[in-house]
Amino acid sequence: MSAHFADLFWPPADELADAAGRIRARLGTWPRGAAPWRVCVALPDTPSDGDVIVVSNGDHAARAIASAASRPAAPDVTVIEFGARRAVLHRAGARHALDAAEPLAEDWIAALAAFLDCGFAPLDALVLALAWRDGDDARAADAWPCDAARFPRIADLPPAPQPPFAPCPARLGLYPVVPSAEWVERVLDAGVRTVQLRVKDAAPERLRAEVVRAVAAGRRYPDARVFINDHWQIAADAGAYGVHLGQEDLETADLAAIARAGLRLGLSSHGYYEILRALAVRPSYLALGPVFATATKAVAAPPQGLERIARYARFALAQAPLVAIGGIGADTLPAVLATGVGSVAVVSAVTGAADYRAALAALQRAFPG
């Protein structure tokens with residue numbers, strides 16, 4: 001047993017530490033996460049920042065600390081209540097309930113610790129731990145969970161909209177995200193057929209005019225796919241091909257109205273839990289990222305890296321077309337495509353290029369066919 005895994009549990013638990021070390025060894029050469037997590041299998045006298053407290057949902061003494069972790073002014077402590085097939089994570093003023101596909105594995109807590117050690121935040125580590133099965137660490141093949149049938153589902157979500165969202169091609173190809181209708185016209189004229197208009201901080205009149213102009217540009221090309229970022233009502237009025245929304249929009253957008261309008265829906269995701277949340281509404285495509293560090297979003301999620309994107313793709317590819325996004329340029333695009341995604345979204349690689357036509361041509365050459 002390594003001292004590293006012995007220190008990961010409180011109170012010390014040799015059997016758990018041995019199992020966590022064994023599982024971690026089968027998960028590949030991931031760099032250790034920077035966060036100093038401590039998995040507590042009993043209530044500590046004084047919870048500390050970074051504690052992940054795991055308690056049975058029948059433990060009434062734990063209810064108070066779980067409730068505190070779900071309040072907006074909560075300390076930086078994670079509490080996981082679990083039963084035979086459900087786990088509820090309380091953290092940072094939020095509550096996340098997950099229903100496992102099968103009864104929890106005997107070594108799911110050890111798996112949770114191993115995935116935390118791989119650098120995953122507690123919520124994503126919990127998703128993976130609930131997809132873990134006893135004996136996965138002894139498999140000859142890759143032990144990493146990737147079978148969608150084994151993953152948990154998010155509890156208490158409303159059903160996916162009916163009718164479902166209109167489908168997209170399985171491979172959307174090069175996907176520039178551009179700041180104006182003029183840029184939409186430029187990239188379509190250069191031969192690109194999937195493009196997103198992302199207009200920031202525009203007055204309502206200008207925003208509507210930009211969307212109408214971009215949609216009109218798409219109609220000049222029978223196979224063009226013009227997506228509008230965020231503004232789904234304007235996109236529906238203009239007859240756009242589709243819209244792209246963030247995770248935060250799932251709470252406010254009228255998904256049923258988007259589906260009824262015939263719009264394709266693309267959704268952003270930044271990890272396993274958000275992938276589960278997005279796939280529950282059966283979007284037309286799923287965006288994974290950011291792959292690399294990016295300055296194009298005011299508040300960007302941490303870079304995921306190629307290894308994580310490849311893992312996400314193995315899990316999600318059969319469920320929706322995939323688009324990778326975030327900090328991707330001509331030099332990294334082939335490696336991103338090798339993760340298994342069928343499309344790559346780019347921003348500054350096109351709009352920041354000295355010669356956008358040459359940049360588009362170079363990017364297009366990286367795609368098969």
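Predicted model: local features only at pLDDT ≥ 70, side-chain atom pairs only at ≥ 80, totals over all residues.
Strand E14, residues 322–325, and strand E15, residues 343–346, pair in the parallel sense over 3 bridges. If you look for isoleucine 325, its bridge partner in E15 is alanine 345.

Now look at a helix beside these strands.

Next, find helix H4 (residues 108–117) and helix H5 (residues 122–131), whose axes come within 8 Å and cross at roughly 135 degrees. Angles over 145 degrees count as roughly antiparallel and those from 65 to 115 as roughly perpendicular, and H4 and H5 are therefore oblique to each other. Their crossing is right-handed.

Which residues make the contact? On the H4 side they are Trp108, Ala111, Leu112, Phe115 and Leu116, while H5 brings Pro122, Ala125, Leu126, Leu128, Ala129 and Leu130. Sorted by type, the residues of this contact are 11 nonpolar, no polar and no charged.

## An aromatic pair

The model has 16 aromatic pairs. One of them joins phenylalanine 120 and tryptophan 144, with 5.8 Å from centre to centre and 45 degrees between the planes, which makes the pair tilted.

Where do these two residues sit? Phenylalanine 120 is in the loop between H4 and H5, and tryptophan 144 is in the loop between H5 and strand E7 (153–154), so the pair ties together parts that are 24 residues apart in sequence.

## Two hairpins

Strand E4 (residues 78–82) and strand E5 (residues 86–91) run antiparallel and are joined by 4 bridges. Here isoleucine 80 stands opposite leucine 89 in E5. The two strands form a hairpin, with 3 residues between E4 and E5.

E5 also pairs with strand E6 (residues 94–99), in the antiparallel sense and over 6 bridges. Valine 88 has alanine 97 of E6 as its bridge partner. E5 and E6 form a hairpin as well, with 2 residues between them, and alanine 92 in the turn has a positive phi of about 50 degrees.

How values were computed. Residues numbered from 1 in each chain as written. Heavy atoms only, no water. Pairing = 2+ DSSP bridges. Axes fitted to C-alpha atoms, helices over the stretch in contact; angles between N-to-C directions. Parallel < 35°, antiparallel > 145°, perpendicular 65-115°, else oblique. Left-handed = near helix turned anticlockwise from the far one by under 90°. Contact = heavy atoms within 4.5 Å. Nonpolar A, V, L, I, M, F, W, Y, C, P; charged D, E, K, R; others polar. Phe/Tyr/Trp six-rings, centres within 6.5 Å; stacked < 30°, edge-to-face > 60°.
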